[in-house]
Each structure stands twice: as structure tokens, then as C-alpha cells.
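Open the structure in your viewer and keep the selection panel handy.

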Amino acid sequence: MIGLNFYLITSIILFIIGIYCLAVKRNMIRLIIGIEIITNAANLNFISFSAYAKEGFVDPLARSFVIMSIIIGACIVAVGLTIAVFAYRHYDTLDVRKLSKLRW
Amino acid sequence: MFTETIDILFIFAVLAPIVYWIGTKVNFNKLVDLWATLGFILSLYLLYFIYEIIKIKEIMVITIAKGLLPISWTFEIDALGVFMASIFVFIGLLTSIYSIRYMERDTGLAEYYILLLLMVAGMVGVVFAGDFFTFFIFWEIMCITSYVLVAFRKEEWEPVEAGFKYLIMSSTGSVMVLFAMSILYGMTGTLNFAYLASSLSNGATNLWSVLALALVVIGFGIKASIVPMHSWLPDAHPAAPSSISAMLSGVVIKAGAYALMRSLLIIFIPEAYNWQVIVAVLAVLTMSVGNLMALLQKDLKRLLAFSSIAQMGYIIFGLSIATFFGLTGGIFHVMNHAIMKSLLFLCSGAFLYAVESRNLDELAGIGRKMKLTGVMFTIGALALAGVPPLNGFQSEYMILFAGIDIGSMNTIWYIFSAIMLLNILFSVGYYLRLIQILMLKEPTKISLKAKEAPLAMLLPMGILAILCIVIGVYPGPFVSYSSSAAKAVLDVGQYVAAIIR
């Protein structure tokens with residue numbers, strides 16, 4: 001059986017990848033994907049903690065929380081993509097550096 | 001189900017499209033506006049009953065079954081929750097009255113009122129929540145509706161751009177808080193505030209809990225616009241419709257301040273984690289940067305947005321003192337700033353409604369044409385500057401004296417208080433400049449065309465302006481209201497005992 005630490009290391013790597021994506025990437029869609037990666041890191045944390053908390057017992061709190069968090073993540077992506085579509089209609093590009101009328 | 005206050009807001013939000021449809025059938029387009037206003041009035045009325053219960057019982061717990069407690073959803077309402085919720089619903093009510101005339105040139109009003117009602121419901125849920133599960137769901141309801149409201153006028157470039165920036169930065173903060181929650185869950189096996197407090201307070205600090213603390217401060221700090229994370233605010237708040245700017249600047253950033261207060265004072269207690277000086281440095285940075293940048297702005301709403309950042313610095317400074325007096329001042333300033341900043345944004349909305357301009361050079365002298373709005377704007381600006389008979393003075397100086405009071409223990413607090421005093425004096429400069437430009441200069445060609453705002457817009461502004469004066473002249477009941485909230489948030493033992501018997 002794989003130990004808890006492997007899951008934790010994976011989720012921290014995912015977290016760092018997400019932060020890197022938000023800091024470096026300049027494409028609107030990629031920024032939204034970066035947020036999703038961090039959400040998944042947190043979800044993986046919840047699931048692995050709930051499975052390893054007690055022998056032979058899975059905590060229902062973490063499972064239901066993760067389901068809610070996936071739903072909320074989908075809502076954020078939906079709103080984000082909608083705004084990206086409108087931005088694309090205004091500027092004909094998805095590069096946030098071109099959205100420079102306000103200072104980023 | 002989720003206390004009557006939130007239920008009413010949800011029911012009115014769900015039924016709003018049907019009401020809008022009926023309104024178009026009977027040729028009375030304002031029906032949905034009046035419907036939303038009625039929803040806020042009912043919600044405020046029902047909140048009063050919760051207030052009466054809290055006054056006697058101090059803490060009210062709502063959950064499915066007590067036996068399931070560590071893992072079920074919980075509402076735990078104390079004096080701070082009721083205090084915050086009353087401000088949120090009250091400002092929501094005034095915004096809704098204001099929107100009757102202000103939003104009449106826009107389409108999509110059914111969506112607008114659904115989003116407004118849901119945003120207030122989300123904020124009330126955030127301050128009532130007793131565990132991170134409930135907290136996170138309502139937090140995201142508040143966040144997602146506010147993203148859509150910022151980008152509401154999607155035909156223009158500015159709201160779309162500002163909305164996207166706001167969405168990326170603010171949801172980064174939310175997911176950081178989510179990650180911190182997962183760490184806290186792994187350490188304790190629960191998400192309930194009371195259980196978290198009791199299991200984290202006696203244990204020594206370790207790497208994981210400090211990481212969680214850092215993520216919580218960054219995540220909520222983004223929403224509360226603490227300075228290294230503030231850059232979304234000066235874009236998002238001016239880009240939204242003015243009524244929504246008043247909501248965002250007046251109350252939504254206060255939800256961030258509330259979340260910081262709750263998590264820092266109950267879960268990461270100051271005795272174990274010693275975060276006071278770090279948070280105070282952030283607060284001092286926030287007020288200085290906000291005030292400096294506000295001085296340079298030419299856009300009226302952008303100036304007000306930067307002044308919001310500065311005022312959040314005062315509130316966070318009151319929190320970082322973490323004594324009873326500091327918190328009373330901070331919580332009292334939450335109320336005062338909500339009143340003053342909503343007043344100013346509503347007034348700037350009235351100018352925008354009259355002449356379609358936010359540029360200070362073009363707006364010069366407009367107060368001479370719109371006398372009532374101009375007078376109310378002057379009252380709000382003087383209150384923000386901390387001029388004595390108005391409400392800003394009371395809370396700003398309360399925070400200042402709390403800072404000087406704690407200085408006898410650690411000298412560094414004298415320096416922080418001195419910087420805050422300098423900031424208050426410095427900020428008078430640009431508020432007076434604002435009054436001088438808008439009220440005293442000769443009217444320009446554009447501002448000569450202005451007509452006085454309609455009654456539905458003057459009424460909420462008038463109520464807020466009168467409140468500015470009343471709280472300034474007679475602060476007694478308001479101070480005791482906020483000090484009861486401060487007492488509730490500092491009394492961790494009572495908060496825990498209501499859940500764990």
C-alpha cells in the first residue's frame with residue numbers, strides 16, 4: 001500500500017505547478033487551468049487524509065466537501081471562460097498582456 | 001433551513017425571474033426592483049429576531065443533529081455575526097432602492113437582482129457559518145456573484161478586463177484558503193471552528209500549522225485587499241456599476257476582514273502564533289500605499305477605491321492589536337467605513353448618472369449644479385477624513401488610542417500608531433482636494449449640464465449621510481453594539497463551549 005506521504009508530496013507538487021502557472025503564463029485559458037490545478041491539489045489532500053485517518057474507515061465529511069469543491073470549481077471555470085469569451089470579442093486575443101488598458 | 005434571513009434572500013432570488021416576467025406582461029418594468037427591495041426589508045426584519053435571541057442567549061447553534069457534530073454542517077451565530085450581517089443587509093437594502101433609478105438604462109435587470117440578492121445571502125452565510133464547510137460554500141457564492149456583477153456591463157472593455165483580473169486574483173485567494181483547510185483537516189480530522197480551536201490551541205506550533213496560517217492570511221488578505229495583494233481592487237471597484245461599487249467597497253471587502261478576524265482570533269490564537277506584529281506591518285503598509293496612491297488619481301471612483309484600501313489598513317491595524325479596545329475600534333470602523341464609503345460611491349454614481357463622466361477635471365464644480373448630492377458628498381468626504389463631529393473620527397481615534405495603549409508593552413506599537421496618525425492627517429489632503437474640485441471650482445461645460453438626482457437615488461444617500469452625523473454626534477449605542485461584537489469574538493472559551501459540551 002502506498003503511504004500517505006506520497007500523496008502529500010504529489011499534492012504539494014501540484015500546488016507549486018499551479019502557482020507557477022498563475023505567475024508565468026499569460027494566456028487567459030491557462031490562468032484558469034492554473035486555478036483548477038491548485039483546487040485539485042487541495043482536493044487530493046482531502047481525499048488522502050480522509051482515507052488514512054483511521055484504519056478501515058473513510059470520513060464522509062471530506063468526501064462531501066470534495067464533491068462540493070469540484071462543483072464550485074466548475075462554476076468558477078464557467079464564469080471565467082465566459083468573461084474570457086467577451087474579452088476575446090473586445091480584443092481579438094487571449095493574451096493578458098494585450099489587455100493593457102488597466103495596468104496588470 | 002439556513003436561518004430565516006438567508007432563506008428569504010434565496011427565495012426572493014429564485015423567484016425574481018418569474019416576477020420580472022410578470023412585470024413585462026403587465027407593462028410595469030419596475031416590479032422586479034420593488035420585489036428585491038421587499039426581499040431585503042423582510043430579511044432585515046427577520047434578522048432583528050435573531051438579534052433578540054443573541055442578546056439573551058449570546059450564541060445560537062443551528063445544525064442537523066447534535067450527534068453528528070464534528071462532521072456535519074453548522075451555523076454558529078454570535079454577536080459579531082449579527083453585527084456584520086446587519087450591516088450587509090442594510091447596505092444591500094439601500095443599494096437596491098438606489099438601483100431602481102440608477103440601473104434603468106441597463107438591460108438584464110432580472111439577472112442583476114438575482115446576483116445582488118445572492119451576493120448578500122452569501123455574505124450573511126459567511127458570517128453565520130460555524131465550520132469551514134459551510135463557510136467555503138457561502139464564500140464562493142459571494143465571490144462568484146461578485147465576479148459576474150463586476151463584469152455586468154459586458155459590452156464595454158473596462159468591466160470585462162477588470163472582471164477577469166478580479167476573477168483570477170480572488171479565486172487564487174480562495175483556492176489558497178481551500179488548501180489551508182485541507183491541511184487543517186489533515187491535522188485535526190474536522191473542519192468545525194470550535195473543534196479546530198480546541199485541538200490547535202493546546203498543541204505546539206509546527207511547520208504545517210504555520211503553513212496553514214500563512215495561506216489563510218494570504219487568501220483572506222487578497223479578498224480584504226492587504227497591500228501586496230491589493231492590485232485587483234482599484235480596477236474592479238470602479239469598473240462595476242456604481243451601486244455595485246458601493247456594495248463591493250462598502251461590505252464585500254469587510255467579509256474578508258471578518259474572515260481574518262474569525263480565523264486569526266479563534267483558530268490561530270495570538271498567544272500561540274504571535275502574528276500581531278507581522279499583521280500590523282501589513283496593515284501599516286496597506287494604509288500608506290492606499291493613501292499615497294489615492295493622491296495621484298484623476299478618476300473619481302478610482303480615487304475612492306484607493307481610499308478603501310487605506311481604510312482597510314486601519315481596520316486590519318485594529319485587528320492586529322488584538323486587545324478588546326483595538327477590536328472594538330476595528331469593528332466600529334467596519335460599520336463606519338461601510339456607511340461612509342457606500343455614501344461616496346452612491347454620490348459618484350449620481351454624478352455618473354447625470355453627466356456620464358468619472359474624470360475629476362470634467363466633474364469640476366458639479367456640486368454647484370447638484371446641490372443636495374454635493375452636500376452629501378462633502379459630509380461623506382469629511383467623515384472619511386476624520387473631521388471631529390462625524391463618525392470616521394470616532395472609530396479612527398479609537399483604533400489609534402488602542403495602539404498607543406498597547407505601546408507600553410512593546411515600543412514598536414508607538415511607531416505603528418504614529419504612522420497611522422500621519423496617514424490620517426495625510427489623507428485629509430486629498431479629501432479636501434476632492435471637495436475643493438467638486439464643490440468650489442467654476443463649473444465646466446460638462447458639469448453645467450447636470451441635473452439633480454432623482455428621489456430614489458437621493459433617499460439612500462440621505463439616510464447614509466444622516467447616519468454619518470448621528471453616529472458622530474451620539475456614538476454611545478453604536479459603540480456598545482460593536483464592543484459586544486468584540487467581546488464575543490475574543491471569548492473563545494464561550495464559542496467553543498457552545499459546540500463541545
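Start by selecting chains A and B: there are zero salt bridges between chain B and chain A, a salt bridge being a side-chain nitrogen of Lys or Arg within 4 Å of a carboxyl oxygen of Asp or Glu. This is a predicted model, where local features need pLDDT of at least 70 and side-chain atom pairs count only at pLDDT 80 or more, while totals for chains, interfaces and linings use all residues. Residues are numbered from 1 along each chain as its sequence is written, chains are lettered from A in the order in which they are written, and side-chain values use heavy atoms, leaving out hydrogens and water.

Now show the contact (heavy atoms within 4.5 Å): 42 residues come from chain B and 45 residues from chain A. About 3800 Å² is buried between them, with carbon and sulfur atoms giving 82%; buried area is the accessible area (1.4 Å probe) that two parts lose on being put together, summed over both.

Colour α5 (132–150), α6 (157–188) and α8 (207–223) of chain B, the elements that give two or more residues to the side touching chain A. Helices here are DSSP runs (H or I, at least four residues), numbered from the N terminus. Which element gives the most to this side? It is α6(B), with 21 residues.

For the last stop, select α13 (residues 300–321) and α17 (residues 391–406) of chain B, where B:Tyr314 and B:Phe317 are among the α13(B) residues that meet α17(B).

Key
Axes fitted to C-alpha atoms, helices over the stretch in contact; angles between N-to-C directions.
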